[in-house]
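Hello,

Here is the model we spoke about. Please open it first, then read my notes below.

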Amino acid sequence: MKNILTIARGINVIPLQLELQRQPQLWNQNSARTESPTSPHREADDIWARYGEGEVVIEEAHQSLWLSAADLIPDIKIHARAVLSLVKGDSLGGVLITRIPPGRRVHPHVDGGWHAGSYDKFALQISAHPQQAFCYEDGQHITATGDLFWFHNQAEHWVTNDSPCDRITMIVCVKLDKPFNGGA
């Protein structure tokens, strides 16, 4: 598939899983992506760890900052900085943890707005199952817990969770000198 590429496998995310379990109140503190009944993310839960100052939804150019969730879950910063280093990025943008409960999905969409068009997106799989898939028209990408992959957010994509487990992913946005072209 040309829109997605696994970069690393076997990253130790167990401390991050434990930290998330200890901070359940962080889920959906900001529901900007999930609250609309027409949002492609309406069946998911979010923890915003890094984005714009104050209001999290900022459509214009901005400098991303660490939010309080990243202080309560220190492994978020550790993993985000490791991704930045691994892909030789220039700077970090937004960092978001998303959870898709069993039987739910993220509906087909193309990420829009300044931020989505300005950063490459990398996903660290915190919790995965073989019956979960990141999808494009040309196929499905099945991940394992601890996988890191790049995905092209400007092509239509969706995520399915037909498993009995939550699918939890940390999305790390990175500004690169040259856009990452994945498998293209």
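Which side chain does Arg9 meet in a salt bridge? Asp147 is the partner, at 3.0 Å from N to O. A salt bridge here is a side-chain nitrogen of Lys or Arg within 4 Å of a carboxyl oxygen of Asp or Glu.

Some ground rules. This is a predicted model, in which local features need pLDDT of at least 70, side-chain atom pairs count only at pLDDT 80 or more, and totals for chains, interfaces and linings use all residues. Residues are numbered from 1 along each chain as its sequence is written, and side-chain values use heavy atoms, with hydrogens and water left out. Helices (H or I, at least four residues) and strands (E, at least two) are DSSP runs, numbered from the N terminus.

Salt bridges

The whole structure holds 5 salt bridges. Back to Arg9 and Asp147. Arg9 sits in the loop between strand E1 (4-8) and H1, and Asp147 in the loop between strand E8 (139-141) and E9, so their pairing ties together parts 138 residues apart in sequence. Arg9 is exposed, at 58% relative accessible area. Asp147 is buried, at 2%. The cut-offs: buried is under 20% relative accessible area, exposed is over 50%, and partly exposed is in between (1.4 Å probe, protein chains only).

Lys77 and Asp71 form another of these bridges, also described by N to O, at 3.0 Å. Lys77 counts as buried at 18%. Asp71 is exposed at 52%.

Lys121 pairs with Asp111, with 2.9 Å between the closest N and O atoms. This pair links distant parts of the chain, 10 residues apart: Lys121 is in strand E6, and Asp111 is in the loop between strand E5 (105-109) and helix H4 (113-118). Both Lys121 and Asp111 are buried.

Look at Val172. Beyond its neighbours within four places in sequence, Val172 is in contact (heavy atoms within 4.5 Å) with Ala80, Val83, Leu92, Gly94, Val95, Asp120, Lys121 and Phe122.

Helix H3

H3 has 12 residues. From first C-alpha to last, H3 reaches 16 Å, close to the 16 Å expected at 1.5 Å a residue. That expected span is 1.5 Å times one less than the number of residues. The buried residues of H3 include Asp75, Ile76, Lys77, His79, Ala80, Val83 and Leu84.

Positive phi

Lys88 follows H3. Lys88 lies in the loop between H3 and E4. Its phi is positive, about 55 degrees, although Lys88 is not a glycine. Lys88 is exposed, at 66%.

Asn28 also has a positive phi, about 65 degrees, without being a glycine. Its place is in the loop between H1 and E2. Asn28 is partly exposed, at 30%.

Best wishes
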